[in-house]
Amino acid sequence: MQVDLVTEDRPIDIVAEGFDAGVRPGDTVPADMIAVHLERIQASAVVGSPAYFKGRAAPKTPQDLLRHNCIRARMPSGGMYRWEFEQDGRVITLDVPGQLTLDDASLMLEAALAGTGLAYLADWWIDKSVRQGKLRRVLDGFIPSSAGLCLYYPSRRYNPPDCAP
């Protein structure tokens, strides 16, 4: 067996581009694909370092972020990611302010650890740093969960002849 792993931070058509399988959030897997959940729910958090919070009050509501320096995320499409929250039973998206915009979660994590600003990242990026006290979670009561990651592949591509639908 050979493994050729390609990391793309954009949705791609795995069949058209010649891939056997892909990984993406479950709610974005094309309907004609078979999806295997790697995680059922993906949780995220807004985090900042102790250095960032020194002399600053932690945000108590999503709107408080408008008075903070946030590490903004650029999407593969080029657009800015609007931070997602739930408040009083409704979904809120905020185009947060910030001096730094990045397109890579590992760089966002490093910037948050360095005290540059607040970051909105998936739990699996930040869990270790939170446990070690290097990052502090805020606004947990406002963060919605989202569809977890799925491994997905074409429904008919590699079926043996005797298993064809």
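Here is a friendly walk through a predicted protein model, from its overall build down to single residues.

**Ground rules**

Residues are numbered from 1 along each chain as its sequence is written, and side-chain values use heavy atoms, with hydrogens and water left out. Since the model is predicted, local features need pLDDT of at least 70 and side-chain atom pairs count only at pLDDT 80 or more, while totals for chains, interfaces and linings use all residues.

**The big picture**

Let's start with confidence. pLDDT is the predictor's confidence in each residue, from 0 to 100. The protein chain has a mean pLDDT of 88, with 93% of its residues at 70 or more. Residues 159-165 are another story: pLDDT stays under 50 there, and the model has two contacts beyond four places in sequence for this stretch. (A contact means heavy atoms within 4.5 Å.) Where pLDDT is low, the predicted coordinates should not be read in detail.

The C-alpha trace spans about 65 × 35 × 30 Å along its principal axes. In the protein chain you'll find three helices and 12 strands; these are DSSP runs numbered from the N terminus, with helices (H or I) of at least four residues and strands (E) of at least two. Of the 165 residues, 35% count as buried. Buried means under 20% relative accessible area, exposed means over 50%, and partly exposed is in between, using a 1.4 Å probe and protein chains only. Among contacts between residues at least 6 apart in sequence, 73% join residues at least 24 apart.

**Two sheets**

Strands of a sheet pair through backbone hydrogen bonds, either parallel or antiparallel. Here, two strands pair if DSSP finds at least two bridges between them.

S1 is joined to strand S12 (residues 149-154) by four bridges, and Pro25 has Leu149 in S12 as its bridge partner.

Another open sheet, also antiparallel, has three strands in the order S9-S4-S10. The edge strands are strand S9 (119-122) and S10. Neighbouring strands of this sheet are turned by 50° against each other on average, direction ignored. Three bridges link strand S4 (residues 44-48) with S10, and Gly48 stands opposite Arg136 in S10.

What lies across S4, S9 and S10? That is helix H3, which runs at about 105° to S9. Such angles run from 0 to 180 degrees between N-to-C directions, with axes fitted as lines to C-alpha atoms, for helices over the stretch in contact. H3 covers residues 123-131 and includes Ser129. Ser129 is buried, because its relative accessible area is 8%. Beyond its neighbours within four places in sequence, Ser129 contacts Leu109, Leu113, Lys134 and Leu135.

**The cores**

In soluble globular proteins, nonpolar side chains tend to be buried together. A nonpolar core is a set of buried Ala, Val, Leu, Ile, Met, Phe, Trp, Tyr and Cys residues joined through side-chain atoms within 4.5 Å. The largest one has 17 residues, of which Val46, Leu65, Trp83, Phe85, Leu118 and Leu139 touch the most other members. Helix H1 (50-53), strand S6 (83-87) and strand S7 (90-94) each give two or more residues to this core. Another core of 13 residues lies apart from it, with Val47, Ala111, Ala112 and Leu135 among them.

| Residue | Relative accessibility | Class |
|---|---|---|
| Asp88 | 72% | exposed |
| Asp95 | 40% | partly exposed |
| Leu139 | 7% | buried |
| Cys150 | 1% | buried |

Asp88 sits in the loop between S6 and S7, and has a positive phi of about 55° although it is not a glycine. Leu139 is not a glycine either, and has a positive phi of about 65°; look for Leu139 in the loop between strand S10 (136-138) and strand S11 (146-147).

Which residues does Asp95 touch, not counting those up to four places away in sequence? They are Leu66, Arg72, Met80 and Arg82. Asp95 itself is in the loop between S7 and strand S8 (100-102).
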